[in-house]
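Good morning, everyone, and thank you for making time for this short talk.

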Amino acid sequence: MINLLYNHKGVANGGMAEFQEMMRQQLESSMHTELEKLLDTTTGAEREVSKKDFEGFKNLYHRFLQVKGPSVEWIKIKRPPEDSIQPYDKISARGLPDSMANSLNKLVVVKLNGGLGTSMGCKGPKSLISVRNENTFLDLTVQQIEHLNKTYNTDVPLVLMNSFNTDEDTKKILQKYTHHRVKIHTFNQSRYPRINKESLLPVATNLSMTGQNTEGWYPPGHGDIYASFYNSGLLDQLIAQGKEYIFVSNIDNLGATVDLHILHHLVSQPNGKRCEFIMEVTDKTRADVKGGTLIQYEGKLRLLEIAQVPKAHVDEFKSVSKFKIFNTNNLWISLAAIKRLQEQKAMDMEIIVNSKTLDGGQNVIQLETAVGAAIKSFDNALGINVPRSRFLPVKTTSDLLLVMSNLYSLEAGSLTMSPKREFPTTPHVKLGSSFTKVQEYLTRFESIPDMLELDHLTVSGDVTFGKNVSLKGTVIIIANHGDRIDIPAGSMLENKIVSGNLRILDH
């Protein structure tokens, strides 16, 4: 069906555009009919919520059918002007006013909480995985904001954007924070139908989330925050309370704490030049080559994601010399601007087409958007090149090992690099498939090794660590298939390769 839209050989060139337009209209009409059928399978509040969701989906689907080739022309890409990405040092050098309370009272912290812990072998929301001293991602977030509110006598609320995958479990756990000094609100991102790759129509047969329909739905990426936040009524409620800015970040980025210097920079702009959107970027390393970057495009600051890059230019996009920075997804956004852009239907984000294969083997696509892609819709948008410490995502157990170790100290919910580490960079850690699931990973360490002087660690195969192991320099441990390596308690491995039957060689 997609090919029909773009490549129907039986039609003379002159009539091609008309034929494509006719096909698009037919598809759109069929989609609207199918969505109505889905709505008719339920009543009441669920029907109303789904109806609102489907309005957003129809808009996305309409735009998807219009797309003719790549969303960027490579030749038009320019480096951002010097002043459009400010170094963090320049922002922080201005200092802070005597009282930050007024500025903090204008702030709302929003965490993207739609993801599950499945990639780390955990059931339920990722935010409920323990990351340090039995504290979960959510615990650490609440502790950070509570510390701010107590220190400055302020009322910074926490807002969680849940998905239908995480909402129920998250709400159950929120009761434990009742007596903390943080007001917590939640809203749900939309629920969109996955579409059959061939027919381009929904695979779900009704609105339920059970049986075969379970796989028929998806949360449409974090770009959905603007519409779902607005539709929930929470946006208006917070504006009425005098809130002006949201600080948005992924809940699994432990470096994304409220930064007072960036907040002060935002609220102290003159009225005519009010910055409506700040994206925190940081210097790219070889590990970040796929991260989205900021470019200048048709006179606007714009986020360029790897999915938008023509195949011929992917290597150029990954080069650290041409595109030096990447998006951390720590964003500071004006609430009034979100409201204005939503009401004007002027929020412009590129569509990400994500292909999936369902358990039954059916090929589907899901249409998504990214929160940072809306940067070009906001006035006076700015990038700030922040220290790497503000980007500490925990996506794998290799990341988890770093944040559980003595490389970091924990205070009031915030992790900071230990002053005892001589280099500010984090070690490169690569744990093999025996460590993928959190439960299995935990059984392989009697205690987390001392990693203060570690540069690189690779572990592969059936390996366990005794208590009080110390790792320094470059350490590579490889247990061959059928072998097991137990690193004895109290071992100190410095620049060593350990293989096979526990032969320890100098590296």
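Before I come to the first sheet, one term is needed: two strands are said to pair if DSSP finds at least two bridges between them. What you are looking at is a predicted model, and with that in mind we can turn to a sheet of three strands, which is open, has the order 8-16-15 and is antiparallel in its pairing. Its edge strands are strand 8 (195-196) and strand 15 (352-357), each of which pairs on one side only. Across strand 8, strand 15 and strand 16 lies helix 3 (residues 44-66), which runs at about 105° to strand 16.

Let me now step back to the whole chain. Its secondary structure comes to 14 helices and 26 strands, and the domain assignment gives domain 1 (1-66), domain 2 (74-390) and domain 3 (397-499). Between the C-alpha centres of domain 1 and domain 3 there are 51 Å. The C-alpha atoms fill a box of roughly 75 × 60 × 50 Å along the principal axes. A compact globule with 507 residues would have a radius of gyration near 23 Å, and the 25 Å of this protein chain agrees with that.

The next sheet is also open, and here eight strands follow the order 1-17-11-14-10-2-5-6, with mixed pairing. Strand 1 (85-87) and strand 6 (184-188) stand at the edges with a single partner strand each, so one side of each is left without a neighbour in the sheet. From one strand to the next, the twist averages 25°. Within this sheet, strand 2 (residues 107-113) pairs with strand 10 (residues 245-250) in the parallel sense over six bridges, and Lys 111 stands opposite Ser 249 in strand 10.

Which strands does helix 8 touch as it packs on the sheet? They are strand 2, strand 5 (158-162), strand 6, strand 10, strand 11 (277-283) and strand 14 (325-334), and the direction of helix 8 makes about 115° with that of strand 6. Helix 10 (residues 260-267), for its part, lies across strand 2, strand 10, strand 11, strand 14 and strand 17 (382-385), and runs at about 145° to strand 11.

Finally, I would like to show you a pair of helices. The axes of helix 8 (residues 225-232) and helix 12 (residues 335-343) come within 10 Å and cross at roughly 95°, which means that helix 8 is roughly perpendicular to helix 12. Helix 8 contributes Tyr 226, Ala 227, Phe 229 and Tyr 230 to the contact, while helix 12 contributes Leu 335, Ile 338, Lys 339, Gln 342 and Glu 343. Sorted by class, this contact has six nonpolar, one polar and two charged residues.

Key
Residues are numbered from 1 along each chain as its sequence is written. This is a predicted model: local features need pLDDT of at least 70, side-chain atom pairs count only at pLDDT 80 or more; totals for chains, interfaces and linings use all residues. Side-chain values use heavy atoms; hydrogens and water are left out. Axes are lines fitted to C-alpha atoms, for helices over the stretch in contact, and angles run from 0 to 180 degrees between N-to-C directions. Helices (H or I, at least four residues) and strands (E, at least two) are DSSP runs, numbered from the N terminus. Angles under 35 degrees count as roughly parallel, over 145 as roughly antiparallel, 65 to 115 as roughly perpendicular and the rest as oblique. Contact means heavy atoms within 4.5 Å. Ala, Val, Leu, Ile, Met, Phe, Trp, Tyr, Cys and Pro count as nonpolar, Asp, Glu, Lys and Arg as charged, and the others, Gly among them, as polar. Domain bounds come from an automatic or database domain assignment. The radius of gyration is taken over C-alpha atoms; the globule rule is 2.2 Å times the number of residues to the power 0.38.
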